Amino acid sequence: MDRPTGKTMDCFVEFFSHGDAQAALKKCLMRGWQLRLGERVVDVHMSSQDELLKELFPRAKNCTWEHGRPKITESTEPYNTGFKSFVTNEELLQLVTWADKPHRFPWFCVERYTIKTRDEIFRSTLSLVNILMNQLNRANEVYTPNISETLLADLLYAALNVPAFSEQQRWTLRKAGSPVGAKVRMSPLAELWPFEVLGRKAGINEDVVQKYAQILRSHPANTSRETPFGVWTAFSNEALGLETLGQIGAHEMEMLLTMLRDVLPESL
C-alpha cells in the first residue's frame with residue numbers, strides 16, 4: 001500500500017518453478033468468484049522476474065529488464081541525465097524493505113554500480129543493525145513488539161551474504177551484531193583484509209589464506225610486519241579514476257598478481 005495515498009499496490013508471490021506458479025494461479029481462478037482481501041477485490045495474474053525487478057528498482061533511469069538482467073540504454077533527450085545507479089540515496093533509507101532479499105540487487109553487474117553506492121548500502125545496513133541492537137538493549141525498559149534476537153539474526157544473515165560487501169565490512173557487521181553475530185564463524189583475517197573488492201573464495205581452507213597473507217607480508221614494498229597481510233603504499237581508487245566495483249576489482253587482482261610474481265620463484 002502506498003502510505004501517502006492509501007492506494008493498494010501490487011504484491012508479488014514467488015514460486016520455485018513456473019509450473020508451481022501456474023498451478024497456484026489455476027487454483028485461484030477455478031473457484032469461479034472474485035477474489036477478495038477483506039472488502040477489496042484482488043486481481044491475480046502471472047507476472048515475471050522482469051516486472052518484479054522493475055518494481056524493486058523504479059528509479060533506475062534508462063534501464064529495462066530482460067530475463068532478470070538489466071539493459072541500459074542511452075537517451076537523446078536533452079534533460080535526461082541517463083542511467084546513474086540502480087538505487088538513489090533516498091531509496092537507501094527504505095533499505096529495510098529488501099534487506100532480507102540481498103540477492104535481488106543486481107550485484108553481479110559490477111560495471112554498473114560504484115563502490116560509493118556499495119559503501120552507502122553498507123552504511124545503511126550497519127545503521128539498521130545498530131538501531132536494532134539499541135532496541136534489544138532497551139527491551140527491559142521500553143516495550144518493543146516484534147523486536148527480538150531472531151530478527152537481528154535474520155538481518156545479519158542477509159547482510160553477511162551480500163556478495164559485494166568486503167571482508168572488513170562483513171567483520172564490522174558481525175561485530176556490531178554481537179553477541180548474536182559472534183555465533184557466525186568468520187576468519188580473524190577478515191578484520192584486517194587489505195582489499196575493498198577481492199574476497200576469499202567460499203570454502204577455501206584457512207591455512208591457504210594465511211599462507212598467501214604471509215607471502216604478501218614478505219613483499220619488499222611492505223612497510224609493516226605487524227599485520228597479517230602487511231602494509232603497502234598504493235594509489236587511491238579516486239586518483240586512478242576507478243569507480244565501479246568491476247574496475248577496482250580488476251585493479252586489485254592485477255596488483256595482487258604483480259606482488260605474488262615479485263615474491264614467488266619463477267618456477268612456480
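Analyst: Let us start with contacts, meaning heavy atoms within 4.5 Å. L156, A159 and L160 in α5 meet R170, L173 and R174 in α6. By class, this contact of α5 with α6 has 4 nonpolar, no polar and 2 charged residues. Here Ala, Val, Leu, Ile, Met, Phe, Trp, Tyr, Cys and Pro count as nonpolar, Asp, Glu, Lys and Arg as charged, and the others, Gly among them, as polar. The structure is a predicted model, in which local features need pLDDT of at least 70 and side-chain atom pairs count only at pLDDT 80 or more, while totals for chains, interfaces and linings use all residues. Residues are numbered from 1 along each chain as its sequence is written, and side-chain values use heavy atoms, with hydrogens and water left out.

User: At what angle do α5 and α6 pack, and how far apart are their axes?

Analyst: Two packed helices are described by the angle between their axes and the distance between the axes. Axes are lines fitted to C-alpha atoms, for helices over the stretch in contact, and angles run from 0 to 180 degrees between N-to-C directions. For α5 and α6 the angle is about 175°, and the axes are 10 Å apart. The two helices are therefore roughly antiparallel to each other. Angles under 35 degrees count as roughly parallel, over 145 as roughly antiparallel, 65 to 115 as roughly perpendicular and the rest as oblique.

User: How are α7 and α8 placed relative to each other, parallel or perpendicular?

Analyst: Helix α7 (residues 206-217) packs with α8 at an angle of about 75°, the axes being 9 Å apart. These helices are therefore roughly perpendicular to each other. From α7, the contact is made by Y212, I215 and L216, and from α8 by L256, M259, L260 and V263. By class, the residues in the contact of α7 with α8 are 7 nonpolar, no polar and no charged.

User: How many helices and strands does the chain have?

Analyst: Helices (H or I, at least four residues) and strands (E, at least two) are DSSP runs, numbered from the N terminus. This chain has 8 helices and 4 strands. Read from the N terminus on, its elements run α-β-β-α-β-β-α-α-α-α-α-α. Of the contacts in the chain with a separation of 6 or more, 54% are between residues 24 or more positions apart.

User: Where in the chain is confidence lowest, and where is it highest?

Analyst: Confidence is given by pLDDT, the predictor's value for each residue, from 0 to 100. The chain has a mean pLDDT of 82, and 84% of its residues reach 70 or more. Helix α3 (residues 89-92) is lowest, at a mean of 62, whereas α6 is highest, at 94.

User: Which residues of α6 are buried?

Analyst: Buried means under 20% relative accessible area, exposed over 50%, and partly exposed in between (1.4 Å probe, protein chains only). Buried residues make up 34% of the 268 residues in the chain. In α6 they are E167, Q169, R170, W171, L173 and R174. What covers them includes α4 and α5. Q169 counts as buried because its relative accessibility is 8%. Leaving aside neighbours within four places in sequence, Q169 is in contact with R118, D119, F122 and A164.

User: Is E191 buried or partly exposed?

Analyst: E191, in the loop between α6 and α7, counts as partly exposed, at 40% relative accessibility. Beyond its neighbours within four places in sequence, E191 is in contact with Q168 and W171. The C-alpha atoms of E191 and E167, 24 residues apart along the chain, are separated by 7.2 Å.

User: Which residues touch the most other members of the largest nonpolar core?

Analyst: A nonpolar core is a set of buried Ala, Val, Leu, Ile, Met, Phe, Trp, Tyr and Cys residues joined through side-chain atoms within 4.5 Å. The largest one has 34 residues, of which F57, F86, F105, L152 and L173 touch the most other members. At least two residues of this core come from each of β3 (63-66), α4 (115-137), α5 (149-160) and α8 (245-263). The largest share, 8 residues, comes from α4. Another core lies apart from it, with 12 residues, among them W193, V209, L256 and M259.
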